[in-house]
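Please read the following report alongside the sequence and the structure.

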Amino acid sequence: MALSVNREQRKLTQTPLLKIWVPWVGCNLNRRRGSSVPQFCNSPTMIVMVGLPARGKTYISKKLTRYLNWIGVPTKSFNVGQYRREAVKIYKDFEFFNPENEEAMKIRKACASAALKDVAAYFSKEQGQAAVFDATNTTRERRAVILSYAKERGYKVFFVESICDDPEIIAENIKQVKLGSPDYVDRDEDEAMKDFSQRIDCYKSSYMPIDDEKDRKLSYIKIFDVGSRYLVNRVQDHIQSRIVYYLMNIHVTPRSIYLSRHGESELNLSGRIGGDSGLSPRGHKYAKGLATFISDQNIKELKVWTSHMKRTIQTAEALGVPYEQWKALNEIDAGVCEELTYEEIQENLPEEFALRDQDKYRYRYPKGESYEDLVHRLEPVIMELERQENVLVICHQAVFRCLLAYFVNKPAAELPYLRCPLHTVLKLTPIAYGCKVESFSLNIEAVNTHRERPVNVDINRNPEEALQTVPDHI
Amino acid sequence: MRGSCRSRNTRDRAVCMTNCPTLIVTVGLPARGKTYISKKLTRYLNWIGVPTKEFNVGQYRRECLKIYKSFEFFRPDNEEGLKIRRQCALAALNDVRQYLSVEGGQVAVFDATNTTRERRGTIVKFAEQNGFKVFFVESVCEDPDVIAQNIVQVKLDSPDYIDCNTEEAIEDFMKRIKCYESSYQPLDEVLDRDLSYIKIIDVGCRFLVNRVLDHVQSRIVYYLMNIHITPRSIYLCRHGESDLNIKGRIGGDSALSARGKEYAKCLRKFIQEQNITDLKVWTSQMKRTIQTAESLGVPYEQWKSLNEIDAGVCEEMMYEEIQEHYPLEFALRDQDKYRYRYPKGESYEDLVQRLEPVIMELERQENVLVVCHQAVMRCLLAYFLDKTADELPYLKCPLHTVLKLTPMAYGCKVESVYLGVDSVNTHRDRPENVRAQRTTEDALLTVPAHL
C-alpha cells in the first residue's frame with residue numbers, strides 16, 4: 001500500500017458506498033479493509049489435498065472452497081481428475097492408474113502440471129487468494145514438485161491429508177459420489193465398485209503419507225477417520241488457522257437444516273423495512289402452521305434458533321419447544337433507513353437508494369450495515385450450524401439470504417437477490433458434494449418483500465425508475 | 001449463551017446432558033506450561049461468558065505442607081509424600097464438584113501433572129459419577145531451552161523456592177522433574193483413543209486433537225491453537241479527543257478536536273521512540289480512530305468490530321439528555337452496566353461477543369497497536385487483566401493515554417503512558433443511587449464536566 005508523506009494535509013472522506021473513511025478521494029483501497037479476514041496475508045495460499053481415492057478429498061475441497069469464498073477469501077478448487085477426464089475423454093478401467101502404465105503416467109503428470117499452471121494464473125491474473133489443489137498427491141515426489149513450484153512463486157502451502165481405513169465409510173463414499181461419476185456412467189453398480197476398488201489398490205503400494213518426522217517443517221493437518229482425530233503441524237498464519245478450525249468442526253453425519261423467516265410482521269404489511277414489530281394475524285397463522293409442519297417432519301432432536309427480535313421469537317413460541325436466541329441472527333441494520341418504506345428512502349435519500357442498487361452486497365446503510373457486514377456477523381452461526389445436526393433457524397430476509405448463499409454456494413453478486421419469501425420453509429440436506437434443497441410453502445398468504453434490482457441504477461434516475469420493482473404494500 | 005443444565009444421578013453414572021459441565025484436565029511433566037495454559041484458558045473462557053475456575057493441585061499441596069524442603073517430597077518411593085499428594089488431588093476434585101454441581105460453574109480446569117494413566121482413570125471415573133465431560137490438555141516438550149526459560153520465568157519466584165538462590169532452585173527443580181519422568185505415561189493414541197484431548201507438542205508447533213465432543217471443547221482447541229509465547233507487546237489507546245467528547249455527547253462519528261489532533265502527533269512520536277519491530281496498527285471504522293492512525297504515517301487495518309458500543313436511541317446524546325428523555329433506561333444502565341442494552345443498541349456483553357475475533361487475532365499476532373474507543377478498550381483490557389464483568393464497564397481508560405501490555409509469567413505487565421495532552425474526562429462512575437425513582441441530581445452526580 002503506497003502512502004504519501006504529506007498525509008496530514010489530506011482530509012478524511014467517507015466513501016459513499018462502503019461508508020469507509022479514507023485518507024483522500026480516489027485513494028486506492030481496492031482491498032476491502034476490516035473484512036472478516038484481516039488482509040495480513042499477502043502471499044496466496046495453496047491448499048494441497050493428500051490421500052487415497054474415496055477419502056473425501058473432493059468433498060473437503062469443495063466445502064472448504066465454498067466456506068472461504070463465503071467469508072470473503074477468493075478461492076478456487078482445481079480437481080486434477082477433471083483435467084484427466086478432459087485429456088482422456090473415455091475412461092476404460094482401473095489399468096489407467098496402474099503405476100506401470102507409462103503412457104498413462106505421462107498423461108497424469110501433464111494434467112497435474114496443467115492444473116498447477118492454472119493455479120498460478122488464478123493467483124496472478126484473477127486476484128485469487130487461495131487455491132485448493134485436489135488430487136491424491138500420495139507420493140513424496142509429487143508433493144515435492146508442488147512445494148518447489150509454490151516456493152518459486154512465493155505461495156504458502158498447506159497440506160490437508162485424509163486418512164481412513166474403515167471399509168464401511170469408504171464403501172459409502174464410493175456409492176455416494178463415485179458411482180455417479182462420468183467415469184462410470186455406462187457401468188452397472190457392481191462393476192463400478194469392483195473397478196474402483198482396484199483403482200484404489202493401484203495407489204496403495206506407492207502411498208507415502210505425510211511423515212511426522214521427515215515432513216516436520218511442512219504445514220499440514222491430517223484428518224483421521226472423518227474427524228475422529230487430527231494432527232496439526234506448523235500453522236503459519238490466520239487463514240490456515242481458520243481452515244483448521246473449520247475442518248475440525250465439519251462432520252458427515254446425515255442431518256437437515258431448516259431455514260425459515262419469521263411469520264409476516266406488522267411492518268411487513270406496511271412495506272416498511274427493519275424495526276422490531278410483532279406478527280400480523282397471518283404471521284401468527286404461519287407460526288401455527290410451522291408448528292404442525294415441524295411436528296409432521298418428525299425430526300430427531302431438533303434445535304431451534306431465533307434472533308433477538310420479537311417477530312422471530314413470536315414465531316418460535318408457537319412451536320412449543322425450547323429455542324435459543326442469537327443476536328447474530330438479527331436482521332440487517334438499516335441505520336437511518338430503519339422503519340422507512342422504499343418510497344420514503346427514495347424521497348429522502350435518493351442517492352443512497354441508487355448506490356444500494358449499484359452494489360447491494362457491499363452497500364452499507366448510513367449508520368447501518370451491509371450484506372458484507374452481515375456475513376461477517378453470521379460466521380459463528382455457520383460454524384455452529386456445521387457442528388450441529390438437525391436445526392431449524394427462524395430468521396430474517398437478509399440473514400436468510402446470507403445463510404442460504406453459504407449452503408448453496410451463491411456468489412456475492414447473487415446473494416442479495418436470492419428469493420426468500422415469507423411463509424416458506426427451506427429444507428437443506430447435504431448430499432454428495434452439495435446440498436439438496438426442498439421448498440415448502442405453508443400456503444398462508446403474505447406480502448411479497450422481494451425487491452428486484454431495477455434496470456436503472458444511476459444516481460440521476462427518476463423516482464419511477466427507482467421504485468419500479470418495489471413490491472406492493474398497504 | 002447456552003443455559004446450564006444440571007445432571008441427574010442414576011446409580012454410578014450421571015446422565016450427561018448437552019450442557020453438562022466440563023472438566024479440563026492438564027497433563028504433563030513439570031515446567032511444560034500447564035499452569036500458564038490453565039490460567040490463560042480460564043481467563044479467556046470467563047471473558048467470553050463461560051463461568052470457569054482453575055484448581056491448582058500444587059496450591060493445595062502448599063497449603064497442606066506449609067514448608068517445601070526439597071525435591072525428595074516428589075520421589076516416587078516417598079510413601080508419605082504420595083499419600084499427601086493423593087489427598088490434595090482428592091481435595092481439589094471435591095472443590096471441583098462443589099464448583100460445577102453446586103455453584104453453577106460451567107468449566108473447571110484441573111491443573112496438575114496427571115502423568116499416570118491411573119491418576120487419569122480416577123479423574124475420569126469421578127467425572128462420570130458426577131455427569132461432567134472430560135477434556136485433557138497435554139503439554140509435551142523436550143526442548144531444554146524452553147524448559148529452562150520456563151523455570152526461570154515462573155518457578156524461581158514460586159513460594160517453594162523463596163529462600164533458595166537461583167542455582168539451588170534450578171538444580172532442585174530439575175531433580176523434581178526427574179521424579180516424574182520414570183512414571184510418565186503420555187496420552188496414547190491407541191490406548192486412549194476414546195478420550196477427548198488435545199496434545200500440544202513443542203509449545204504449539206504441533207497438535208494432536210482427539211474426539212472433540214462439543215462447542216466448548218471446539219472453542220478451547222481453537223484458542224489453544226492460536227496462542228503463542230513469543231515475547232511481544234500490545235498497545236491499547238483511544239482515539240484522540242473528539243468534537244463530541246468535548247460536548248459531553250456519547251457515540252456518534254465525529255472528528256478529532258484540536259487537542260485530539262495534537263495527541264495524534266504525540267502518539268506518532270511515542271510509537272517511533274518505542275522502536276517496535278513489525279508493529280501492526282488497528283483502528284475501528286469510525287472517523288476519530290482513523291484520523292488518529294493517519295497521523296502515524298504507517299499502514300493500518302480498519303476493523304468494524306472495533307467500533308464503539310452502539311448507544312442506539314441515545315447516540316450523540318449528553319447524559320443530561322438521556323436522564324431527561326429516558327430516566328428509566330439511565331437507571332437500568334447503572335443497575336447492571338455490563339448487561340444493559342441501549343434501546344436499538346448494544347450492551348457491553350454484546351460488545352465482548354463482537355470483540356472475540358479481535359482477541360483471537362491479537363493472540364495470533366505479535367506487536368500490535370489498537371486505536372479504539374472507551375467501551376471497546378474496557379472490554380479488551382478486561383480480557384488481558386482478567387477483570388470481572390462487574391468491574392469491566394468501570395475500568396478507567398482516559399483519553400490521551402497509552403497502555404502498554406506485556407505478557408509476563410502468568411499475567412500481564414501494564415505500563416500506562418500519558419502523552420501530556422489535555423482532554424476532557426469521559427469516565428462516569430457508578431452513582432450511589434441507581435433506583436428508577438431517583439432524582440435527576442442523584443442520577444447526574446457522577447457525570448464528568450463538559451462544555
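## Terms and basis

Two residues are said to be in contact when heavy atoms of theirs lie within 4.5 Å. This is a predicted model, in which local features need pLDDT of at least 70 and side-chain atom pairs count only at pLDDT 80 or more, while totals for chains, interfaces and linings use all residues. Residues are numbered from 1 along each chain as its sequence is written, chains are lettered from A and ligands numbered from 1 in the order in which they are written, and side-chain values use heavy atoms, with hydrogens and water left out.

## The annotated positions in chain B

An unreviewed UniProt entry places the feature "active site" at H239(B) and E308(B); positions from that record are given in the numbering used here, feature names are shortened, and annotations may be inferred rather than shown by experiment. Although these positions are spread over 70 residues of sequence, they cluster in space, with a largest C-alpha distance of 10.7 Å.

H239(B) is found in the loop between β9 (234–238) and α8 (243–246) of chain B, where helices (H or I, at least four residues) and strands (E, at least two) are DSSP runs numbered from the N terminus. With a relative accessibility of 2%, H239(B) counts as buried, a word that means under 20% relative accessible area, as against over 50% for exposed and in between for partly exposed (1.4 Å probe, protein chains only). Setting aside neighbours within four places in sequence, H239(B) is in contact with residues including Y263(B), R288(B), T292(B), H373(B) and L399(B).

E308(B) lies in the loop between β11 (301–302) and α11 (319–325) of chain B, and it is buried too, at a relative accessible area of 14%. Among the residues that E308(B) contacts, neighbours within four places in sequence being left aside, are M286(B), R288(B), E346(B), R354(B) and H373(B).

## A buried leucine in a strand

L405(B) belongs to strand β13 (residues 401–408) of chain B and is buried, its relative accessible area being 1%. Not counting residues up to four places away in sequence, L405(B) touches several others, among them I234(B), L236(B), F384(B), C412(B) and V414(B).

## Nonpolar cores

A nonpolar core is a set of buried Ala, Val, Leu, Ile, Met, Phe, Trp, Tyr and Cys residues joined through side-chain atoms within 4.5 Å. The largest such core has 114 residues, and L329(A) and W47(B) are among those that touch the most other members. Apart from it lies another core, of 87 residues, including V80(A) and F73(B).
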